[in-house]
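Work through the exercises below with the sequence and the model open. Each task is followed by a solution in steps.

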Amino acid sequence: MTLLDKLPSALFEIGKLIGSDLDPGILLSRIAELICQLIDAKSCSVMLLDAKRERLLAKAAYGLRTERMHSLSFRVGEGVAGWVVEHGESAMINDVAADSRFVQLPLNQTPISSMLCVPLIARGERVGCVTATSERTGAFGQADLEIVRFIAMTIALDIENVRLHRVAVTDPLTGAYNREFLMTRLPQEIEAAIERDRTLSVAMVDVDHFKAVNDQYGHGIGDVVLAEVARRLRSAIRAGDLLVRYGGEEFLVVLPKADAGRAWEVGERMRQRVCERAFDVGDGMALLLRISVGIAQWRLNEKMLGLIERADVALYDAKDRGRNRVEVAP
């Protein structure tokens, strides 16, 4: 089956994905997977400009390790992706070793020999790029480039609409919701708890001794590690729970329909998920991290800030009692 034969079914699948209510990160990852299948690429990533339109940030990928994806970030004009967005032109590189635009990133454990990169253009504005890579030199031809260009043109406007929404409510490093989102959403969850007579809890999470990670390995590695912490936390919470980056290495999880006991179970699962295996910090070194968690169940007539403050007090109780534990507010 030729590329042109595969294209209609791939576009049909992409159309279904865009019309679904999937999480934007999952949606873009599925599109990246379809592109890999179409052109026989080893990996594919979708990068979007940040709110200031100064940096490209990886929003989804297929075929890359989590650590690699979260380390993908380029200034406009930097690297192949930055060049593509700066110039609004596609790039097809048969051998990255011979191209001065290619930048080897730290912690890159995905071999790259050839690549193609096309801009995402919506409403006449460059909003990001799609990049496909291969371990083989000369892996892609003009037909592959035209296919990815066509897909990028097809999805660019929908992706930009997703980006505008997500940029407004999420933290770009970790993909968790931001505090502005929390200040809007948590009062709504409290109202829902009142109207539907159901429980609600929050969990305050802090990475133990995280300052030492930045001091020893640098903030670049610290960012990669923190992004992986967020991924592990997200994998431990329930569907419908909300992970928020509260500040620095501190996260807050909103737990609808959870009393203190159920919230403790989620907190304990998060704690175990973070410490179950070491974090890769490069040069063959690994780092074990722990978290402390404070739980508070919402009380009738309690204000949002009061609920958060009680969870914070419970967090500090966990710290005082030796860290790497979950404590519940009285």
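**Exercise 1.** Where is the place of Asp40?

Solution. Asp40 sits in the loop between helix H2 (24–39) and strand S1 (43–49); helices (H or I, at least four residues) and strands (E, at least two) are DSSP runs, numbered from the N terminus. Before going on, note that this is a predicted model, in which local features need pLDDT of at least 70, side-chain atom pairs count only at pLDDT 80 or more, and totals for chains, interfaces and linings use all residues. Residues are numbered from 1 along each chain as its sequence is written, and side-chain values use heavy atoms, with hydrogens and water left out. Next, look at the backbone: Asp40 is not a glycine, yet its phi is positive, about 60 degrees. Last, Asp40 has a relative accessible area of 54% and is exposed (buried is under 20% relative accessible area, exposed over 50%, partly exposed in between, with a 1.4 Å probe and protein chains only).

**Exercise 2.** Describe the location, backbone and exposure of Asn301.

Solution. Start with the location: Asn301 belongs to the loop between strand S12 (291–297) and helix H10 (304–320). Its phi is positive, about 70 degrees, although Asn301 is not a glycine. Asn301 counts as exposed because its relative accessibility is 67%.

**Exercise 3.** Is Glu327 buried or exposed, and which residue's side chain makes a polar contact with its side chain?

Solution. Glu327 lies in strand S13 (residues 326–328). With a relative accessible area of 10%, Glu327 is buried. Its side chain makes a polar contact of 2.7 Å with the side chain of Arg325 (a pair of N or O atoms within 3.5 Å; within protein, one must be able to donate a hydrogen and the other to accept it, and residues adjacent in sequence count only if both atoms are side-chain atoms). Leaving aside residues up to four places away in sequence, Glu327 touches several others, including Val293, Ile295, Asp317 and Arg321 (contact means heavy atoms within 4.5 Å).

**Exercise 4.** At what angle do helix H8 and helix H9 pack?

Solution. H8 (residues 219–236) and H9 (residues 260–275) pack at about 140 degrees, with their axes 8 Å apart. Axes are lines fitted to C-alpha atoms, for helices over the stretch in contact, and angles run from 0 to 180 degrees between N-to-C directions. H8 is therefore oblique to H9 (under 35 degrees is roughly parallel, over 145 roughly antiparallel, 65 to 115 roughly perpendicular, the rest oblique). Among the residues making the contact are Val229 and Leu233 of H8 and Val266 and Met270 of H9.
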